[in-house]
Amino acid sequence: MEKQQPELCVCTEYAYGGHPFPFSGVFEIMPRDAEDLGDQFKFKQSVVLGFTDFLAEDVKQIVEDLGRKYRGDLYHLINNNCNHFSDEFTQTLCGKAIPPWVNRLAYVCSRVPFLQRCLPKEWLTPIALQVSLRGSLESNLSPTDLSPL
């Protein structure tokens with residue numbers, strides 16, 4: 001008798017992104033759909049890493065617990081990005097790491113500080129982006145636009 005593989009059912013995909021607030025940066029998106037994330041994000045491929053015995057309620061609790069560590073204000077493109085979250089999440093769910101090529105660019109940049117210094121600070125953290133946007137907005141406004149109401 002041939003052994004059957006469990007049916008693969010991916011109903012929810014979780015992602016991690018930065019924002020300037022001290023709460024979870026983990027969120028749900030439709031599987032294989034990066035359209036809502038913006039033009040700079042493209043779905044490339046699915047990689048089956050394994051299977052889990054966790055129930056859906058357990059997975060939601062794991063995501064909530066990871067959300068305390070992966071807060072939006074702690075996002076960093078090189079040191080604490082969506083691939084770091086994905087790696088920890090999949091190791092918890094099925095005991096396997098994501099393939100090394102997925103986060104290789106961040107890894108190389110973390111080992112060669114010169115490369116990280118070449119990147120605009122706005123790319124690295126949501127706080128730097130917010131400061132940059134605020135500065136850009138303020139430089140385009142007149143003094144009367146900045147006065148309190």
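A salt bridge here is a side-chain nitrogen of Lys or Arg within 4 Å of a carboxyl oxygen of Asp or Glu, and the close-up views below apply this rule to a predicted model, in which the count comes to four salt bridges.

View 1. Arg68 counts as exposed, at 52% relative accessibility, whereas Asp65, at 37%, counts as partly exposed.

**View 2. Glu64 joins Arg68 and Asp65 in a network of salt bridges.** Glu64 pairs with Arg68, with 3.5 Å between the closest N and O atoms; these residues are four apart in helix 1, which comprises residues 56-69, and so they too are separated by about one helical turn. Glu64 is partly exposed, with a relative accessibility of 46%.

**View 3. Arg71 forms a salt bridge with Asp73.** The closest N and O atoms of this pair are 2.7 Å apart, and Arg71 counts as partly exposed because its relative accessible area is 26%.

**View 4. Tyr107, Val108, Val112, Phe114 and Leu115 form a nonpolar patch on the surface.** Together these residues present about 440 Å² of accessible area, and the elements that contribute two or more residues to the patch are helix 3 (104-111) and helix 4 (113-118). Leu115, which is found in helix 4, has a relative accessibility of 31% and therefore counts as partly exposed, a value that also lies over the 30% required of patch residues.

Terms used: Residues numbered from 1 in each chain as written. Predicted model: local features only at pLDDT ≥ 70, side-chain atom pairs only at ≥ 80, totals over all residues. Heavy atoms only, no water. Patch = residues over 30% accessible without salt bridge, like charges linked within 9 Å, V, L, I, M, F, W, Y side chains within 5 Å. Areas by Shrake-Rupley, 256 points an atom, 1.4 Å probe, with all protein chains shown as cover. Buried < 20%, exposed > 50% of the residue type's maximum accessible area, 1.4 Å probe, protein only.
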